[in-house]
Amino acid sequence: MLCDVWGQVKRVGEHLSCSLGLGGVAVGLAGCSLIHAQPLHSALYLVNRVGSGIADTATATLVALASSGREARSRNLALIQSTRAGARVVTPLISGYLFTLRSAATLRATPRTRRPAPSTRRGAAHSHARPGSLPTAAPGALPYLLVASLAVALTPLPLLLNKWLAPAPGSDASQRPPAQ
């Protein structure tokens, strides 16, 4: 069931779930920024949201498991929440700046000739493109593509942490401090 994210995380494993969630976020954000045709755009948005839910749940689980003791777990989970709240304040400022950069670049690339309204022209979506060139991303795509790139870059990190934190072969796994 889609709503049973915790059960899916436990079944697949926290590290792999976190990586798959980050991959879903990357695919969803990159796809939404580049593909605007419905229903594909809505499906990519759904992939982004499901990936975000899985990655968030798996991250909280990994932090809780890695924390030694009740106080450390509480502190670490509070730090995650504070970081997310701070990001919600800062990211609109950064996204606005990136949007402005991309919009300015699009305006500079558009010839300054007088043209009919885009709705009356054939192929108006990419009017500044040269014949035979590939279409460019929409003006607001840069922030989404940047975050998608970061998500792709971070996707292997939970799996690497799993390898790094795994007990060495032949060692006693019971020496690892229990999560409380």
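Q: How many of the 21 residues of α2 are buried?
A: Helix α2 is mostly covered. Buried means under 20% relative accessible area, exposed over 50% and partly exposed in between, with a 1.4 Å probe and protein chains only. By that cut-off, the number of buried residues in α2 is 15.

Q: What kind of model is this?
A: Residues are numbered from 1 along each chain as its sequence is written, and side-chain values use heavy atoms, with hydrogens and water left out. Local features need pLDDT of at least 70, side-chain atom pairs count only at pLDDT 80 or more, and totals for chains, interfaces and linings use all residues; the model is predicted.

Q: How many helices does the protein chain have?
A: Helices (H or I, at least four residues) and strands (E, at least two) are DSSP runs, numbered from the N terminus. The elements of the protein chain run α-α-α-α-α-α from the N terminus on. With 0 strands, the number of helices is 6.

Q: What percentage of contacts between residues at least 6 apart in sequence joins residues at least 24 apart?
A: Contact means heavy atoms within 4.5 Å. Of the 180 residues in the protein chain, 23% are buried. For contacts between residues at least 6 apart in sequence, the share that joins residues at least 24 apart is 67%.

Q: What distance does α2 reach from its first C-alpha to its last?
A: Helix α2 takes in residues 14-34. The expected span of a helix is 1.5 Å times one less than its number of residues. For the 21 residues of α2 the expected value is 30 Å, and the distance reached is close to it, at 30 Å.

Q: How are α2 and α3 oriented, roughly parallel or roughly antiparallel?
A: The axes of α2 and α3 (residues 40-66) come within 7 Å and cross at roughly 150°; axes are lines fitted to C-alpha atoms, for helices over the stretch in contact, and angles run from 0 to 180 degrees between N-to-C directions. Angles under 35 degrees count as roughly parallel, over 145 as roughly antiparallel, 65 to 115 as roughly perpendicular and the rest as oblique. The orientation of α2 to α3 is therefore roughly antiparallel.

Q: Is the crossing of α2 and α3 left-handed or right-handed?
A: A crossing is left-handed if the near helix is turned anticlockwise from the far one by less than a right angle, and right-handed if clockwise. The crossing of α2 and α3 is left-handed.

Q: How many charged residues does the contact of α2 with α3 have?
A: Ala, Val, Leu, Ile, Met, Phe, Trp, Tyr, Cys and Pro count as nonpolar, Asp, Glu, Lys and Arg as charged, and the others, Gly among them, as polar. The contact of α2 with α3 has 14 nonpolar and 12 polar residues, and its number of charged residues is 1.

Q: Is Asn48 buried or exposed?
A: Asn48 lies in helix α3. Apart from neighbours within four places in sequence, Asn48 is in contact with Gly24, Val25, Gly28 and Leu29. Because its relative accessibility is 8%, Asn48 is buried.

Q: Which peptide bond form, cis or trans, joins Gln38 to Pro39?
A: Pro39 lies in the loop between α2 and α3. Most peptide bonds are trans. The bond from Gln38 to Pro39 has omega near 5° and is cis.

Q: How many polar residues does the contact of α2 with α5 have?
A: The axes of α2 and α5 (residues 141-154) come within 8 Å and cross at roughly 160°, so the two are roughly antiparallel. Residues of α2 including Leu22, Val25 and Ala26 meet residues of α5, among them Ala141, Tyr144 and Leu145. The contact of α2 with α5 has 14 nonpolar and no charged residues, and its number of polar residues is 1.

Q: Which residues of α6 make the contact with α2?
A: The axes of α2 and α6 (residues 157-165) come within 7 Å and cross at roughly 165°, which makes α2 roughly antiparallel to α6. On the α2 side the contact is made by His15, Leu16, Cys18, Ser19 and Leu22, and on the α6 side by Pro158, Leu159, Leu161 and Asn162.

Q: What distance separates the C-alpha atoms of Thr59 and Pro158?
A: Thr59 is found in helix α3 and is partly exposed, with a relative accessible area of 25%. Leaving aside neighbours within four places in sequence, Thr59 is in contact with Cys18, Ile80 and Arg84. Thr59 and Pro158 are 99 residues apart along the chain, and their C-alpha atoms are separated by 8.8 Å.
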